[in-house]
Amino acid sequence: MQLEDYFDFLAPDDIRIKGTRVGIETVLSVHLHHGKTPDEIVRMYPTLTPAQIHATLRYHRENREQVDAYMADWRAWGRRMREEQARNPHPGIVRLKQLLTEREAARRATS
């Protein structure tokens, strides 16, 4: 099996582990930024096989420049989405924050 056979290249910014909805960024993030070993990643994501995890790590090693750019784009997209959510929160989130503020104010008033 070729290394690329482990992946579905859906778009330049969307590479999934074949047969799953898991993007390579999920595996690489927990490995590179959180120091998780392949065995720990398999326990975290039981739908993935050890072979899929190792193929993802190998794909990164063999295509470091492109995959690092892919990861940087993924992180930038995540930052933009969080900023957008902070600027325009869902009404349910606004209401939950309001309820928490009211509950905390009531707690302080009775203390």
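Biologist: Which residues in H1 meet which residues in H3?

Modeller: Ile24, Val27, Leu28, His31 and Leu32 in H1 meet Ile53, Thr56, Leu57, Tyr59 and His60 in H3. Contact here means heavy atoms within 4.5 Å. This is a predicted model, in which local features need pLDDT of at least 70 and side-chain atom pairs count only at pLDDT 80 or more, while totals for chains, interfaces and linings use all residues. Residues are numbered from 1 along each chain as its sequence is written, and side-chain values use heavy atoms, with hydrogens and water left out.

Biologist: What makes H1 roughly perpendicular to H3?

Modeller: Helix H1 (residues 24-33) and helix H3 (residues 50-62) pack at an angle of about 80°, and their axes are 10 Å apart. Angles under 35 degrees count as roughly parallel, over 145 as roughly antiparallel, 65 to 115 as roughly perpendicular and the rest as oblique. H1 is therefore called roughly perpendicular to H3. By class, their contact has seven nonpolar, three polar and no charged residues.

Biologist: Why is the pair of aspartate 8 and lysine 18 called a salt bridge?

Modeller: The term requires a side-chain nitrogen of Lys or Arg within 4 Å of a carboxyl oxygen of Asp or Glu. For aspartate 8 and lysine 18, the closest N and O atoms are 2.8 Å apart, so the pair is a salt bridge. The structure holds six salt bridges.

Biologist: What does the pair of aspartate 8 and lysine 18 tie together?

Modeller: Aspartate 8 lies in strand S1 (residues 7-11) and lysine 18 in the loop between strand S2 (14-17) and H1, so the pair ties together parts that are 10 residues apart in sequence. Helices (H or I, at least four residues) and strands (E, at least two) are DSSP runs, numbered from the N terminus.

Biologist: Why is aspartate 8 called partly exposed?

Modeller: Buried means under 20% relative accessible area, exposed over 50%, and partly exposed in between (1.4 Å probe, protein chains only). Aspartate 8 has 24%, so it is partly exposed. Lysine 18, with 38%, is also partly exposed.

Biologist: How many residues apart in helix H3 are glutamate 62 and arginine 58?

Modeller: They are four residues apart, so about one helical turn separates glutamate 62 and arginine 58. Their salt bridge has its closest N and O atoms 2.6 Å apart.

Biologist: Which residues are linked in a network of salt bridges?

Modeller: Glu104, Arg107 and Arg108 are linked in this way. The side chains of glutamate 104 and arginine 107 meet at 2.4 Å, N to O. Both lie in helix H5 (residues 91-110).

Definitions and conventions
Axes are lines fitted to C-alpha atoms, for helices over the stretch in contact, and angles run from 0 to 180 degrees between N-to-C directions. Ala, Val, Leu, Ile, Met, Phe, Trp, Tyr, Cys and Pro count as nonpolar, Asp, Glu, Lys and Arg as charged, and the others, Gly among them, as polar.
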